[in-house]
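Hi everyone, thanks for coming. Let me put the structure on the screen, and then we can walk through it together.

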Amino acid sequence: GEDDETFLRVFMDGTSGNVAAGIKVAGTWAWLAYCEAGDISTTGWYSLIVTHNGTVPEIYINGVASIASYGVTTDKTVWVSGLTNGSLVRFGVARYDGTNNGYLDGQIDDIGIYSADIGATLAAEIYNGGTGKKISQVSTANCKYYTTCDAFTDTVLLANEALPA
């Protein structure tokens with residue numbers, strides 16, 4: 001069944017442009033990281049990568065490591081591989097009390113899910129100096145899922161470019 005209390009959340013904290021990411025397990029934050037205020041605005045495109053190096057989370061904005069501080073540091077080693085109770089993955093929407101809400105007021109382009117740390121080199125290559133590259137143009141190593149987000153049906157994302165596991 002679903003578990004609204006176990007998840008990875010990436011969000012913009014208020015209107016400050018302060019990107020945050022954290023993992024909650026059984027209703028308790030394991031870690032919650034914040035980037036510099038103003039790293040993103042409500043206009044323009046950004047490359048946002050949330051990854052984990054096996055010890056601590058990493059957030060890259062436009063190819064640059066961007067974690068400025070932590071709100072919670074209970075266990076920074078927790079990563080999505082340890083989220084055994086979560087049953088659904090969502091992009092651009094939160095889920096509270098069994099219902100979807102908190103929809104993203106914006107657009108998402110490419111989404112990639114990897115089974116390994118992205119790291120600074122690949123994060124910079126994906127950003128590509130602001131022009132952006134598809135995962136297949138950079139590296140498909142450890143990429144388990146990729147979509148360009150070019151096709152939507154109502155609120156359901158259709159994968160139009162899936163890479164082999």
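First, some housekeeping. This is a predicted model, in which local features need pLDDT of at least 70 and side-chain atom pairs count only at pLDDT 80 or more, while totals for chains, interfaces and linings use all residues. Residues are numbered from 1 along each chain as its sequence is written, and side-chain values use heavy atoms, with hydrogens and water left out.

The protein has two helices and 13 strands; these are DSSP runs numbered from the N terminus, helices being H or I with at least four residues and strands being E with at least two. Of its 165 residues, 32% are buried. Here buried means under 20% relative accessible area, exposed means over 50%, and partly exposed is in between, using a 1.4 Å probe and protein chains only. As for contacts, meaning heavy atoms within 4.5 Å, 48% of those with a separation of 6 or more are between residues 24 or more positions apart.

Now to the inside. In soluble globular proteins, nonpolar side chains tend to be buried together. A nonpolar core here is a set of buried Ala, Val, Leu, Ile, Met, Phe, Trp, Tyr and Cys residues joined through side-chain atoms within 4.5 Å. Which residues touch the most other members of the largest one? They are Trp 31, Ile 59 and Ile 61, out of 13 residues. Strands E2 (18-25), E3 (28-35) and E5 (57-61) each supply at least two residues of this core, and E3 gives the most, with four. Apart from it lies another core, of eleven residues, including Tyr 60 and Tyr 146.

Leaving aside neighbours within four places in sequence, its contacts include Leu 8, Ile 23, Val 72 and Trp 79.

Phe 7 lies in strand E1 (residues 7-13) and Trp 29 in strand E3, so the pair ties together parts that are 22 residues apart in sequence. Phe 7 counts as buried, at 19% relative accessibility.

On to the loops. Most residues other than glycine have a negative phi. Ala 26, however, has a positive phi of about 50°; this residue sits in the loop between E2 and E3 and is exposed, at 57% relative accessible area. Asn 62 also has a positive phi, of about 55°, and is found in the loop between E5 and strand E6 (64-65).

Thr 74 is in the loop between E7 and E8. Is Thr 74 buried or exposed? It is exposed, with a relative accessible area of 63%. Leaving aside neighbours within four places in sequence, Thr 74 is in contact with Trp 29 and Ala 30.

One last stop: Val 80 is partly exposed, at 37% relative accessible area, and lies in the loop between strand E7 (67-72) and strand E8 (94-96).
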